[in-house]
Amino acid sequence: MLHLSDDIHNQTAAWQKAGVTLPTYDIEAMRQATKRSPTWVHFGAGNLFRAVHAPIAQKLLDSGATDRGISVVESFDPAIIDQAYTPFDDRYLQVILKADGSMKTSLVASIAGAYPLGEDPKPLRDLRLVFRNPSLQMVTTTITEKGYALVDSQGRPLSWIAPEFEGGPDKAKSAIAAITALLLERYQAGALPLALVSTDNFSRNGERFGQVVRRMAEEWIKRGLAEKGFGDYLRDKNKITFPLTMIDRITPNPDAEVGRRLKALGIADAEPFRTRGGTAMAPYANTEETWYWVVEDDFPAGRPPLEKAGVYMADKDTVNAADQMKVTTCLNPLHTALAVFGMLLGYPTMSKTIADPDLKALVTRLGYVEGLPVVEDPGIFSPKEFLRQVIEIRVPNPGLPDTPARICADTSQKIPVRYGITISKYIRAKDLDTADLEAIPLIIAAWLRLLIGSDGNGTDDAGRPVKLSPDPRLEELQRILVDIPLNGSAKKKTLTTTIKSILADTSIFGTNLNATPLADKIETFLTAMCQGNGAVASTLHKAASAW
Ligand SMILES: NC(=O)c1ccc[n+]([C@@H]2O[C@H](COP(=O)([O-])OP(=O)(O)OC[C@H]3O[C@@H](n4cnc5c(N)ncnc54)[C@H](O)[C@@H]3O)[C@@H](O)[C@H]2O)c1
Ligand SMILES: O=P(O)(O)OC[C@@H](O)[C@@H](O)[C@H](O)[C@H](O)CO
């Protein structure tokens with residue numbers, strides 16, 4: 001059996017026989033070069049990093065465009081490093097799952113070092129040296145939307161952030177505090193330049209990244225825990241930048257069937273597992289063939305030649321248009337719509353959701369009719385063609401084991417981006433009428449319908465409890481919704497009163513929906529969806545038949 005940590009270059013024939021493409025560069029030399037002069041640090045050692053970032057570095061290494069790898073840091077769930085990196089010598093398999101059922105597998109070894117920020121102080125000490133090194137050019141992140149949150153909807157510091165505000169760099173635990181503390185190190189090493197590149201799924205991700213890092217720094221400066229000059233350094237665009245990005249590659253959690261197929265090829269390291277911190281990992285990352293990464297080209301310390309690996313380097317407006325297109329209209333809103341209904345209707349995979357003609361009609365309306373009118377063409381690819389590929393090729397890919405549950409994680413945090421921005425564009429546009437939106441209120445109603453239940457369980461359309469994906473607002477929302485009856489006795493008037501405070505929550509919708517025609521539609525759809533078993537499917541069918 002083949003092991004990732006073995007001397008792979010002594011087993012080239014066996015790996016090739018298993019259909020695995022091997023790196024062609026000298027892995028040890030890459031590690032030494034990176035140790036001497038690191039260029040790229042990444043925060044968030046989860047699956048997207050393994051699907052996109054590390055393979056890009058591998059491509060650059062293979063082609064000789066660089067001799068440096070990536071140093072990867074994990075602050076939220078350090079067990080990812082202990083359980084999914086260290087035992088495999090920081091290597092893994094990238095498995096591309098094609099629509100015809102075949103898979104393309106590569107062994108990725110472009111990770112030069114892995115830094116778990118947990119109890120052991122050594123990784124942070126080592127990382128400080130990396131940040132003091134003038135060679136460092138960029139930091140990328142995949143820390144999820146909630147990784148950037150510092151305060152709650154009332155503006156109060158979150159419970160785990162408050163001690164960091166108070167205690168300064170020495171108390172840094174969260175990704176944002178750790179990054180800010182390491183930037184302070186870089187400032188103290190001579191105010192060296194750096195680009196900080198968020199690759200998380202929300203619009204204007206770089207702007208938000210910059211805001212939260214500067215906020216953390218200000219809290220420290222006002223308490224005398226960091227020098228005033230540090231604040232100036234973070235605002236100096238010749239020193240520190242936060243480029244905007246759009247990143248796209250549907251990357252499901254590691255799938256057991258993929259592991260079985262790898263085992264059948266003679267690969268020993270092929271078991272998916274949950275880390276002690278709860279992240280779904282494996283010695284492999286499974287992903288789709290299509291990918292896009294569009295990056296604002298604003299790197300004050302220089303950058304690796306990313307374009308040589310297929311990354312689009314562009315100006316701010318182009319990146320912003322590409323990102324708005326993907327995360328607010330042409331992909332992620334469709335994903336959430338299918339996932340929410342998928343949970344309600346009991347579909348096990350995303351490809352099965354879109355095979356339902358009513359759900360396909362829903363996302364077709366959501367994308368083409370409600371989304372495209374507010375999309376600005378990024379110029380580098382056509383939004384209409386992008387949308388067509390999402391609906392006709394990418395989500396229906398039967399080889400991709402993506403689940404509604406993965407996509408439903410943290411839905412409350414995603415709604416502002418996935419629907420809130422479109423809603424606000426309709427409200428502002430003179431030639432668009434918010435009252436014309438039908439798919440968006442139907443999806444919001446379905447989300448609320450799914451949450452009716454208690455203790456982390458919602459209720460599906462057959463009246464059965466369904467385990468809900470984690471969401472920081474779940475408990476609070478379920479408490480409000482719990483009394484809505486699902487047996488046919490729900491009345492719109494009572495329901496309207498019950499959900500008023502939710503629809504008014506601008507931290508979820510970006511707008512007080514009670515002041516828009518959407519509230520009445522959501523209340524009507526939700527009342528209809530609560531009229532007994534099968535009411536979700538029939539409400540969806542009735543709406544879809546009219547489109
Ligand atoms: N998976 C995809 O299809 C995909 C595609 C495009 C963009 N993204 C973006 O990448 C993010 C990560 O996706 P993934 O597939 O790697 O997920 P994953 O579950 O495999 O990994 C999540 C990563 O985020 C970290 N994390 C989670 N909560 C955090 C927090 N509060 N603070 C700091 N770090 C935290 C985890 O420790 C882990 O490193 C997504 O949230 C999304 O913004 C994902
Ligand atoms: O990664 P999240 O949790 O922000 O969203 C779930 C999916 O919609 C997302 O991961 C998509 O697969 C991705 O955005 C495709 O590029």
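Predicted model: local features only at pLDDT ≥ 70, side-chain atom pairs only at ≥ 80, totals over all residues.
Reader: Where does Thr 144 sit, and what is its phi?
Author: Thr 144 is in the loop between β7 (138-141) and α6 (162-167). Those labels are DSSP runs numbered from the N terminus: helices are H or I with at least four residues, strands are E with at least two. Its phi is positive although the residue isn't glycine, at a value near 70 degrees.

Reader: What about Asp 410: which loop holds it, and what is its phi?
Author: Asp 410 is placed in the loop between α16 and α17. It counts as buried, because its relative accessibility is 9%. Here too phi is positive in a residue other than glycine, near 60 degrees.

Reader: On to ligand 2: which residues come nearest?
Author: A residue is near a molecule or strand if one of its heavy atoms lies within 4 Å of it. Around ligand 2 there are 13 residues. Those that come nearest are Asp 248, Lys 326, His 335, Lys 414 and Arg 418.

Reader: How far is an oxygen atom of ligand 2 from the side chain of Arg 418, and what share of the ligand's area does the protein bury?
Author: A polar contact is a pair of N or O atoms within 3.5 Å; within protein, one must be able to donate a hydrogen and the other to accept it, and residues adjacent in sequence count only if both atoms are side-chain atoms. An oxygen atom of ligand 2 is 3.0 Å from a side-chain N or O atom of Glu 145, 2.8 Å from one of Arg 406 and 2.8 Å from one of Arg 418. Accessible areas come from the Shrake-Rupley method with a 1.4 Å probe, and for residues only the protein chains shown count as cover. Taken alone, ligand 2 exposes 400 Å², and the share buried by the protein is 86%.

Reader: How many charged residues are in the shell around ligand 2?
Author: Ala, Val, Leu, Ile, Met, Phe, Trp, Tyr, Cys and Pro count as nonpolar, Asp, Glu, Lys and Arg as charged, and the others, Gly among them, as polar. The shell has three nonpolar and three polar residues, and the number of charged ones is seven.

Reader: And ligand 1: how much of its area is buried by the protein?
Author: It has 25 residues around it, with Asn 47, Glu 74, Asp 200, Asn 201 and Thr 251 coming nearest. An oxygen atom of ligand 1 is 3.2 Å from a backbone N or O atom of Ala 45, and an oxygen atom of the ligand is 2.9 Å from a polar backbone atom of Thr 251. Alone, ligand 1 exposes 820 Å², of which the protein buries 87%.

Reader: Asn 286 next: at what distance does its side chain reach the backbone nitrogen of Asp 255?
Author: Asn 286 lies in strand β13 (residues 284-287) and is buried, with a relative accessible area of 0%. Contact means heavy atoms within 4.5 Å; leaving out residues up to four places away in sequence, Asn 286 touches, among others, Val 95, Leu 97 and Val 258. A polar atom of its side chain lies 3.2 Å from the backbone oxygen of Asn 253, and the side chain reaches the backbone nitrogen of Asp 255 at 2.8 Å.

Conventions
Residues numbered from 1 in each chain as written. Chains lettered and ligands numbered in written order. Heavy atoms only, no water. Buried < 20%, exposed > 50% of the residue type's maximum accessible area, 1.4 Å probe, protein only.
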